[in-house]
Amino acid sequence: SSGIKQSTGEIKERWDFWDMKDGEKDNQLTFDNFYKGFMAPYFGCYRCEDSQMGLKALDMDADGQVDWFEFKTYLVWAGRQYPNISTEQELLDKAFRFGLIPAMKDAIDDERRARN
């Protein structure tokens with residue numbers, strides 16, 4: 001829907017702001033900048049194990065950064081699952097609460113099982 005496209009565009013503008021923090025607009029955010037720009041409302045602290053493992057779960061290509069296309073996958077998914085989304089914040093909430101966080105929890109559980 002047009003509301004989801006607009007919301008995704010607004011999120012991309014915020015992404016681009018954080019993307020320039022390292023001096024290079026390359027569609028990749030450091031874990032630190034992704035946490036500050038997007039993840040902080042959903043995870044209590046950057047250095048906590050769950051946050052770090054969650055960031056690693058998002059880093060699908062294991063390059064130590066979160067790529068826009070890795071993140072956008074969850075935004076598109078949330079928009080398809082919840083087509084009545086009308087704001088940027090609502091799209092982020094749905095993407096994190098029902099897409100990213102469950103995927104992160106799965107990755108965290110897998111990592112813990114692998115350790116034991």
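Residues are numbered from 1 along each chain as its sequence is written, and side-chain values use heavy atoms, with hydrogens and water left out. Because the model is predicted, local features need pLDDT of at least 70 and side-chain atom pairs count only at pLDDT 80 or more, while totals for chains, interfaces and linings use all residues.

The secondary structure of the chain consists of five helices and two strands; helices (H or I, at least four residues) and strands (E, at least two) are DSSP runs, numbered from the N terminus. In sequence order the pattern is α-β-α-α-β-α-α. The C-alpha trace spans about 45 × 35 × 25 Å along its principal axes. Of the 116 residues, 42% are buried, where buried means under 20% relative accessible area, exposed over 50%, and partly exposed in between (1.4 Å probe, protein chains only). Among contacts (heavy atoms within 4.5 Å) with a separation of 6 or more, 55% are between residues 24 or more positions apart.

The largest nonpolar core has 29 residues, and Phe34, Phe38, Phe71 and Phe96 have the most contacts inside it. Such a core is a set of buried Ala, Val, Leu, Ile, Met, Phe, Trp, Tyr and Cys residues joined through side-chain atoms within 4.5 Å. At least two residues of this core come from each of helix 1 (2-19), helix 2 (31-39), helix 3 (49-58), helix 4 (68-81) and helix 5 (88-115). Helix 5 gives the most, with seven residues. Beyond its neighbours within four places in sequence, Phe34 is in contact with residues including Trp15, Leu55, Phe71 and Phe96. In helix 3, Ser51, Met53, Gly54, Leu55 and Leu58 are buried, and the buried residues of this helix pack against helix 2, strand 2 (65-67), helix 4 and helix 5.

Glutamine 65 lies in strand 2 and counts as buried, at 17% relative accessibility. Its side chain makes a polar contact of 3.1 Å with that of glutamine 28; a polar contact is a pair of N or O atoms within 3.5 Å, and within protein one must be able to donate a hydrogen and the other to accept it, with residues adjacent in sequence counting only if both atoms are side-chain atoms.

Four salt bridges are found in the whole structure, each defined as a side-chain nitrogen of Lys or Arg within 4 Å of a carboxyl oxygen of Asp or Glu. Aspartate 16 pairs with lysine 12, with the closest N and O atoms 2.5 Å apart. These two residues are four apart in helix 1, and therefore separated by about one helical turn. Lys12, Asp16 and Lys25 are linked in a network of salt bridges. Glutamate 88 forms a salt bridge with arginine 14 at 3.0 Å. This pair links distant parts of the chain, with glutamate 88 in helix 5 and arginine 14 in helix 1, 74 residues apart. Glutamate 88 is buried, at 19%, whereas arginine 14 is partly exposed, at 24%. Within helix 2, aspartate 32 and lysine 36 meet in a salt bridge of 3.1 Å, N to O.
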